Amino acid sequence: MSILVGKDTRLVVQGITGSAGSFHTRQCMAFGTNVVAGVTPGKGGQLFEEKVPIFHTVRDAVKETGANASMIFVPPKFAADAILEAADSGVSLVVVITEGIPILDMVKVKPVLDAKGVRMIGPNCPGIITPGEKCKIGIMPAQIHKPGRIGVISRSGTLTYEAVFQLTQLGIGQSTCIGIGGDPVIGTQFIDALALFEADPNTDGVIMIGEIGGNAEVKAAQFIKEKMTKPVAAFIAGKAAPPGRRMGHAGAIISGGNDTADAKIKILEAANIRVASTPSHMGVAMKEQLLERGLLR
Amino acid sequence: MKIHEYQAKALLKKYGVPVPNGQVAFSVEEATAVAKQLGVGDKKVVVKAQIHAGGRGKGGGVKLAGTLDQAIAHSKAILGMTLITHQTGPQGQLVKRLLIEDGCNIQHEYYFGMVLDRETSRVTIMASTEGGMDIEEVAAKTPEKILKAQIHPATGVGDYQINQLFFDLGLPKSAAKDFRNVVLGCYNAYVQEDASLFEINPLVLTKEGGLLALDGKINFDDNAGFRHPEWAELRDMDEEEPTEIQAAKFELSYVKLDGNIGCLVNGAGLAMSTMDIIKHHGGEPANFLDVGGSASQEAVTEGFKIILSDPHVKGILVNIFGGIMKCDVIAAAVIAAAKQIQMTVPLVVRLEGTNVDLGKSMLNDSGLAIVSADDLNDAAQKIVKAIGA
Ligand SMILES: Nc1ncnc2c1ncn2[C@@H]1O[C@H](COP(=O)(O)OP(=O)(O)O)[C@@H](O)[C@H]1O
Ligand SMILES: [Mg+2]
């Protein structure tokens with residue numbers, strides 16, 4: 001069953017009638033995701049694509065359809081409220097695609113989710129996909145994926161696609177791929193996802209893609225060293241980034257001496273984790289380890 | 001977004017944080033008037049360069065004046081100077097505004113700041129007895145000298161937390177009320193004004209026994225701009241790269257760097273990686289540029305214009321991972337944009353995603369000097385070679 005999402009996932013989409021929301025919901029459905037409901041206040045009672053019922057509230061959507069996961073496309077201004085609504089309505093997984101949510105909104109939301117035991121992925125992320133079970137919740141291009149046994153975790157969207165693409169080109173499929181998001185406050189950290197992959201019988205190894213800013217990769221290095229038996233290949237983006245400048249992602253900024261790419265790579269290597277020398281070598285860095293362990297013929 | 005010290009102090013004052021009396025001046029005349037009004041002669045005033053970068057004191061941008069003549073002389077010297085500090089870079093920053101404020105008798109300089117702690121997702125107060133210096137240095141060398149208090153968003157600052165900080169800093173009783181005002185004022189301001197960073201360095205204990213915020217640095221969370229129309233007035237365009245302002249108008253994320261290979265990429269992580277791999281092959285990236293997920297013709301055209309406005313750029317690497325966008329659509333956008341701006345520098349394009357072969361053949365048949373690359377590694381090697389680095 002790989003991790004977090006799969007054939008039992010019943011998805012409700014918040015913001016299903018917006019332009020991004022409707023476009024990507026269609027893409028998810030085309031891939032095979034079981035989209036059971038949409039939510040747009042004021043548009044309850046309508047049908048999306050002539051088959052998915054739309055509700056005014058998430059509570060009604062969950063009650064009527066048994067949705068257990070939500071994908072959020074609500075604009076930044078209203079996104080925090082949408083996340084709280086999802087958490088309050090009984091779904092166990094909330095995937096927040098929205099980019100640009102005020103940081104202090106997320107500071108308030110996070111402890112509420114933690115207390116309820118609701119898992120959030122994102123915000124500011126491409127989402128999550130389990131190719132082998134035809135479940136995609138997010139904006140990633142499905143066709144580059146291949147069902148298989150490698151997990152991918154990343155703070156960046158297109159860089160995740162790059163890694164997935166490399167794996168697929170090498171003939172290596174993926175169990176689940178997660179974009180955890182580029183913001184300073186996110187729901188699922190590297191260590192959370194690593195723990196899930198370690199425990200997943202359908203995953204043989206993990207690619208972890210980090211970047212400058214924060215210390216999530218440092219925590220991950222410690223976790224991998226102490227707790228993981230499966231091979232991990234890492235890449236850290238931003239070697240060429242100057243300090244003090246925000247590189248696109250709200251969270252990608254060097255603000256001390258320990259959050260540079262070089263510092264993180266050093267710490268990962270000190271924990272015996274293989275780090276790809278360039279972004280073109282992420283797939284290879286995984287493949288080598290699978291071969292060494294006899295996990296690939 | 002960053003603001004000036006005088007703007008930060010006005011905000012702090014509104015929230016009850018004690019700051020010296022003072023006012024901004026845009027000319028020597030205005031500075032003279034402020035100094036007189038503050039009563040210079042009977043007391044000292046301080047003339048302070050207003051630029052966003054810190055380290056002004058060491059760079060000669062903060063001067064004490066005991067007389068009106070001195071205040072005028074300092075104002076003349078500082079206004080219009082190009083101030084170089086460790087934060088401005090070697091080119092320095094032109095001083096166009098001054099803050100003239102009361103001088104104070106310093107007993108001790110403390111550090112007081114607030115940031116988001118990413119590990120706990122909490123707003124965190126940081127305080128230290130080692131004020132005045134670079135706090136990063138203190139953090140690196142003597143981390144135990146930085147006191148921290150994490151604030152739960154539901155409860156706000158606890159009295160016990162104020163107490164802990166007060167006693168751990170070893171502040172005298174006379175400063176108790178001021179300290180409470182500093183902590184609560186800063187926290188309230190941080191939350192209500194959507195800050196992403198607060199730094200009062202130094203927060204001083206005066207000889208008279210009270211506290212004063214002598215410096216003030218506030219950054220705002222750009223994501224919260226929609227609920228702060230007042231930020232427009234606080235913004236100082238002179239402090240920003242013109243190309244970055246232009247990029248922001250088109251919702252492009254651009255950061256100017258020192259190299260000569262321009263990069264145009266979709267996605268922040270991929271854009272950083274593209275810079276990295278250029279460097280790996282011996283080149284130097286001229287910029288970071290994320291044109292966003294769609295990579296439309298408009299975005300690409302504007303991106304090219306911005307990249308080429310930097311005279312150092314000798315070649316451009318376009319790296320688009322199409323994904324849901326089809327490569328032929330992106331190729332058409334790149335070709336149209338390159339034609340529109342009459343591209344003269346070598347252009348290497350790496351496309352990936354649906355219809356990649358069609359996209360590549362369009363690039364090759366365009367009649368333009370576009371080199372198409374097979375993958376990221378190939379692209380970086382080709383552009384580095386093309387500019388002869
Ligand atoms: N109003 C003032 N009265 C007395 N001394 C001051 C005053 N303002 C600044 N100073 C002194 O100048 C130093 C540098 O000023 P500051 O505002 O911190 O600028 P920067 O951090 O850019 O160097 C302070 O550490 C303090 O010692
Ligand atoms: Mg200072």
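Predicted model: local features only at pLDDT ≥ 70, side-chain atom pairs only at ≥ 80, totals over all residues.
1. Sheet order. In chain B, an open sheet is built from 4 strands, with antiparallel pairing and the order β1-β6-β2-β3. The edge positions belong to β1 (22-25) and β3 (62-65) of chain B; each has a single partner strand, so one side of each lacks a neighbour in the sheet. From one strand to the next, the twist averages 20 degrees.

2. The β2-β3 pair. Strand β2 (residues 45-49) of chain B runs antiparallel to β3(B), and 4 bridges join them. Within this pairing, B:V45 has B:A65 of β3(B) as its bridge partner.

3. Helix α1. Residues 5-14 of chain B form helix α1, which packs on the sheet and touches β1, β2 and β6 (98-102) of chain B. The direction of α1 makes about 45 degrees with that of β6(B).

4. Helix α4. Helix α4 (residues 68-78) of chain B also packs on the sheet, where its contacts are β2, β3 and β6 of chain B. Its direction and that of β3(B) make an angle of about 165 degrees.

5. Magnesium site. Ligand 2, a magnesium ion, has B:N201 (O) and B:D215 (OD) as its protein donors, at 2.2 to 2.3 Å. B:N201 belongs to strand β10 (residues 195-206) of chain B, while B:D215 sits in the loop between β11 (211-213) and β12 (217-220) of chain B; the pair therefore ties together parts 14 residues apart in sequence.

6. B:N201 has 14% relative accessibility. Because buried means under 20%, B:N201 counts as buried.

How values were computed:
Residues numbered from 1 in each chain as written. Chains lettered and ligands numbered in written order. Heavy atoms only, no water. Pairing = 2+ DSSP bridges. Helix = DSSP H or I, 4+ residues; strand = E, 2+ residues; numbered from the N terminus. Axes fitted to C-alpha atoms, helices over the stretch in contact; angles between N-to-C directions. Contact = heavy atoms within 4.5 Å. Donors = N, O, S within 2.8 Å, 3.2 Å for Na, K, Ca; no water. Buried < 20%, exposed > 50% of the residue type's maximum accessible area, 1.4 Å probe, protein only.
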